[in-house]
Amino acid sequence: MARLVIRNGRVIDPASGIDDVCDVAIDGGAIAAVECDIDPASAEEFDATGLVVAPGFIDMHVHLREPGFEHAETIESGSRAAAAGGFTSICCMPNTLPVNDNATVTRFIAETAWRVAQVNVFPIGAITNGSAGTELAAFGSMKQAGIVAVSDDGRPVMNARIMRRAMESAAALGLTVINHCEDLDLSAGGDMHEGLQSVRRGLRGIPAASEDVMVARDILLAELTGARYHVAHISSRRAIEMVAFARARGLRVTSEATPHHFALSDDEMPPYDSNYKMKPPLRSGEHVAAVMDGIVSGAIEAIATDHAPHPGSEKMQEFERCPFGIIGLETALGLALENLVHSGRITLRRMVELFTTGPARILNLDRGSLRRGATADLTIFDPELLWTYDVNRSLSRSRNSPFHGHTFRGGPVATIVGGSIVWSAD
Amino acid sequence: MHGLLGIEELDRAEIQAILDRTRHFQPLQNQGFARSHILRGRSVVNLFFETSTRTRTSFEIAAKCLGADAVSITASASSVSKGESLVDTLNTLSAMRPDAIVMRHAASGAPHFLSRYLPTPIINAGDGTHEHPTQALLDARTILDRRSSLEDLRVAIIGDIAHSRVARSNIHLLSKLGAQTVLCGPPSLLPPELARIAPGVRLTFDMREAIRNADVIMMLRVQLERQHEPPIPSSEYFRFYGLRPEHLDLAHRDVMVMHPGPINRGREISSEVADSQKSVILNQVENGVAVRMAVLERILAPAEATH
């Protein structure tokens, strides 16, 4: 007997090939049925007429800042922002204080999330101790404690030998290695994409080649080691071409794109506004077009936000002193609909894949499907809803978004995790 | 005009108006700068987060010549060294109600960032490697004291273009006033995108080509403090990018040699050239005061500026 019936929505479940107006019944925290005209009996009903009902969205790249930087975000606040953005699962990067480079920190995150988080939180472990790039972290015990991948996000492993060893160890454990690709010597001191705009503003540039060089190295190492390798927040044309090349050769290489890298280019940045400062930087138009093309072609398999909260005190400084990163959980769906679906680049179904089966496959997560018996994580959204983002009402603890005041066409309506509605639009 | 952040934001008419008005403040037959009281009772804060001799002094004299009260603050003597943020420092100063803040800062865009939060007009006296608008204005005034127009004038800017705020402001100004600009320097100090930042700009790595038929040669200081690794061995810099007497034969016979200072004799310019009849380096300094008077007047007493 169902507990909740979601009535009359357009159910899009790429994993099972469903794209139909029908009902979804949930019982015991799991999907009980996806059929037409389910008899609700005593179940609670949710009228989804005119809405899309999809498997719960997964954001495989967020920063929750806890432990260590709770003034910027906590596991609880970040998870609330995720729920408000339509995400039912988020994967948190290890650059906390202390770094998530051992099972104790992993367990702290997992247990805190269990107590306070609104959504599923899957920790990602560090590749090296302290993400210092020298000694491999304890992958095995972190995996037992719950990590779903390894990454030194933000502090990429510069030493190719260490990266090779990391890939070998991760491959043996079935963990995906995620890299923030940035050759730190080439990007040193840079504040924005190297090009006309950086030259014009007198700011030091981060060349696209700093990303490309490391993607090239890593693809060769992935071939050498047989590792599952994933490029975080891919943003450059050549890097995307190389990922496509690697995939054509049958390597287990994947990539994700952030909404801001397909929504904004460097010539749309207001001068010296730190809410437009992130890594990789907003790149020039040709790279933005390449990210779009990569999403269309499949070289990019997931959309991830790289949600990176920073308090106002850190972002209210001279541009070159401000930290990198923007928040993104609440605006991702709106940006994807606007730039990818409403613009006619991809179908709604393909967009749902990028938020569900794509990341689930990359991380081998048991999520992203509405098959009978699957965990009842669902994202219900209205592709036509007109709404304006007010960052001052964000559920994140931070306010660093370039999309404040932007009016979106399409946004989340309700978020269901384990069969419970954890967030719904008022 | 609410403040002056850069030349890029100004249109040709505004630039021309400032340059025309500057003549009114130039010294006549060594009589010194025209004195006036149009800014009596007004206060100008000079806030220098980077060391500066000529620009700061020049702004101070300009303010005083107009009857304003000028206060100069250097970062090392301020609460910046106590960990105060830039916004808080400026908010504090702004609360004392100065009529304008003249600001130099090592970070590109620092005055632009502050102008979003402060009502007080800000005059950019150099921001990082971005712009130095009053320098470009005084350079243009210096050229126009000797030529009737900038239209189709050939100007070579030579040296560390990548790190030069003087170059950026001059590129915009010269382009807006119709000059043909050639930028020249070693490859790592001459990013190719510079050719696209304004119309009428081209690049060359060859100093002789840059100088050929030039009406004006602007030399730039090698900004060692902003370079992160030597672009070319310093022993080769003067040989390939230092201005020497033999170069002047390639240029227009009335060529003007300019330099924003401070000059490094023997690094980017030979002593013979710096002290030659072609050099207008000290005229530039002199025009600095007059230009800054015109800018202060335009911002603080716009009605006077049109008289």
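The model is predicted: local features need pLDDT of at least 70, side-chain atom pairs count only at pLDDT 80 or more, and totals for chains, interfaces and linings use all residues. Residues are numbered from 1 along each chain as its sequence is written, while chains are lettered from A and ligands numbered from 1 in the order in which they are written.

**Stop 1: two helices of chain B**

Select residues 133-144 of chain B, helix α5, and then residues 165-176, helix α6. Helices (H or I, at least four residues) and strands (E, at least two) are DSSP runs, numbered from the N terminus. The two helices pack at an angle of about 55°, with axes 8 Å apart; axes are lines fitted to C-alpha atoms, for helices over the stretch in contact, and angles run from 0 to 180 degrees between N-to-C directions. α5(B) and α6(B) are therefore oblique to each other.

Now show the residues where they meet. On α5(B) these include Pro133(B), Ala136(B) and Ala140(B), and on α6(B) they include Val166(B) and Leu173(B). Contact here requires C-beta atoms, placed from the backbone, within 7 Å. By class, this contact has 5 nonpolar, 3 polar and 1 charged residues. Ala, Val, Leu, Ile, Met, Phe, Trp, Tyr, Cys and Pro count as nonpolar, Asp, Glu, Lys and Arg as charged, and the others, Gly among them, as polar.

**Stop 2: the contact between the chains**

Display both chains. The contact takes 20 residues from chain B and 16 residues from chain A. On chain B, α3 (86-95), α4 (110-115) and α6 (165-176) each supply at least two residues of the side that touches chain A. α4(B) gives the most, with 3 residues. That side of chain B divides into 8 nonpolar, 8 polar and 4 charged residues.

**Stop 3: chain B as a whole**

Colour chain B by secondary structure to see 12 helices and 9 strands. Along its principal axes, the C-alpha trace of chain B spans about 55 × 45 × 35 Å.

**Stop 4: Leu340 of chain A**

Select Leu340(A), in helix α12 (residues 332-341) of chain A. Leu340(A) is buried, with 24 other C-beta atoms within 10 Å; a residue is buried if 20 or more such atoms lie within 10 Å of its own, exposed if 12 or fewer, and partly exposed in between, with C-beta atoms placed from the backbone. Not counting residues up to four places away in sequence, Leu340(A) touches Ile295(A), Arg345(A), Ile346(A) and Met351(A).

Methods:
Contact = placed C-beta atoms within 7 Å. Parallel < 35°, antiparallel > 145°, perpendicular 65-115°, else oblique.
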